Amino acid sequence: MSTLTTDPGTTLREGAFGNATGLVCRECGATQPLGPSYACQECFGPLEIGYAFPQVTREQIAAGPKNIWRYQPLLPVPTDITASPNMEPGFTRLLRADNLARELGIRRLWVKDDSGNPTHSFKDRVVAIALSAAREFGSTVFACPSTGNLANAVAAAGARAGIKTVVFIPHDLERPKVLTTAVYGGTLVAVKGNYDDVNRLASEIAGEEEGWAFVNVNVRPYYAEGSKTLGYEVAEQLGWRLPEQVVIPVASGSQLTKVDKGFRELVQLGLVDGSPYRIFGAQANGCAPVSAAYKQGHDVVRPVRPDTIAKSLAIGNPADGPYVLDVARRTGGAVEDVTDEEVRDGIQLLARTEGVFAETAGGVTVATLKKLVESGQLDPDAETVVFNTGDGLKTLDAVADRVGPAATIEPSYQAFTAADLV
Ligand SMILES: *Cc1c(COP(=O)(O)O)cnc(C)c1O
Ligand SMILES: [Zn+2]
């Protein structure tokens, strides 16, 4: 393999990005060398990673570690990725959800439970790849604008890697997400504004500060590839086949589009049969710009001002919105949205039927699944996977006034029976 060069003339370590060959524009297809850039030099379109994949077998993958690094040949990371401290996320459980299926009238349903990651959300996957890229670029600061879960993942991964972190959050974030970020040390900055304001500030800083790796801004093409592993895992855990339907929460829309990319790569590599699948997107209607565009038949996503309890999904101007519309339409899926009350119901429904406590994003997804079945958009006879992407302990307020003890009693058998509780 030849030595790779980045735009500013930095020389990269040989094999620093595995089988990745360059950055490809998602709009015009122009290519440029691997580097810490995210916009096409020809048309300013967003860039993604291009690869020259070798032959990869199921056995080779199965012999790898029980985390996302088992898919190293399919990711922009070096073969020695496990040699440096990283978070080792992934290979979270895929639960057969028979109780929830029965309640919703679906024949075969699974929950992909990504709350089991190191900082309890799917964001550990994307951050692990971004950290590898930041290392290879020799970045001195590991940073992000975040709606909460990304802040957790960046602060934790940076602490473990021994790299300075600077994390920007909206000032009104849920308290648990603030504390579970701050505890890792690093610099946490609360910004008076919503996520879209925070994101704009981050882009400005990224343009000024040399050597900063903003995981979801200037190293976004690498970061985004982490979401493919959700698709790979679902297929592998189903015994190397694709599900017929998937329901995925949408914030920036990156996760949804990369699960689709992951499925297509598995087919291309002959690791699964190319059976048809439909991808559905889930939003909270207090921040549903992609769902609105889908329903109106638009290709353009008009930004909104978020107002929802599902703060981890509260991106009013989603970078991947138009690509989510493409995927939903191409695969025969849809994008739907639910009210905050339905989000709370969704959290309780999943907890009550399957013993899984989801954060608000999971509530959005489960409630959307229910709505899609009831409206006939989702086929109840087709095998379906619903994603829970975060842990309910981070958003306790969502259910705090809905659940609690059945009674408070004196410590005596008589008091217990008198209360007539069971
Ligand atoms: C960030 C996030 C998502 C969605 O992320 P995208 O920006 O659409 O890739 C989903 N669920 C949770 C819990 C998240 O934190
Ligand atoms: Zn372009």
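Mentor: The area buried between domain 1 and domain 2 is about 1,800 Å². Carbon and sulfur atoms give 48% of that area. Buried area here is the accessible area, taken with a 1.4 Å probe, that two parts lose on being put together, summed over both. The size of an interface is often given in this way.

This is a predicted model, in which local features need pLDDT of at least 70 and side-chain atom pairs count only at pLDDT 80 or more, while totals for chains, interfaces and linings use all residues. Residues are numbered from 1 along each chain as its sequence is written, chains are lettered from A and ligands numbered from 1 in the order in which they are written, and side-chain values use heavy atoms, with hydrogens and water left out.

Now the two partners. Domain 1 covers 94–118 + 224–398, and domain 2 covers 121–219. These bounds come from an automatic or database domain assignment. The C-alpha centres of the two domains lie 24 Å apart.

Next, the contacts. On the domain 1 side, 25 residues touch 17 residues of domain 2. Contact means heavy atoms within 4.5 Å.

Charged pairs come next. The rule finds 3 salt bridges across the interface of domain 1 and domain 2. A salt bridge is a side-chain nitrogen of Lys or Arg within 4 Å of a carboxyl oxygen of Asp or Glu. Side chains of opposite charge can pair when their charged atoms come close. Asp-114 and Arg-125 form a salt bridge, with their closest N and O atoms 2.7 Å apart.

Helix 8 (residues 228–237) gives the most to the side that touches domain 2, with 3 residues. Helices are DSSP runs (H or I, at least four residues), numbered from the N terminus. The residues of this side divide into 7 nonpolar, 11 polar and 7 charged. Ala, Val, Leu, Ile, Met, Phe, Trp, Tyr, Cys and Pro count as nonpolar, Asp, Glu, Lys and Arg as charged, and the others, Gly among them, as polar.

Note on methods
Helix = DSSP H or I, 4+ residues; strand = E, 2+ residues; numbered from the N terminus.
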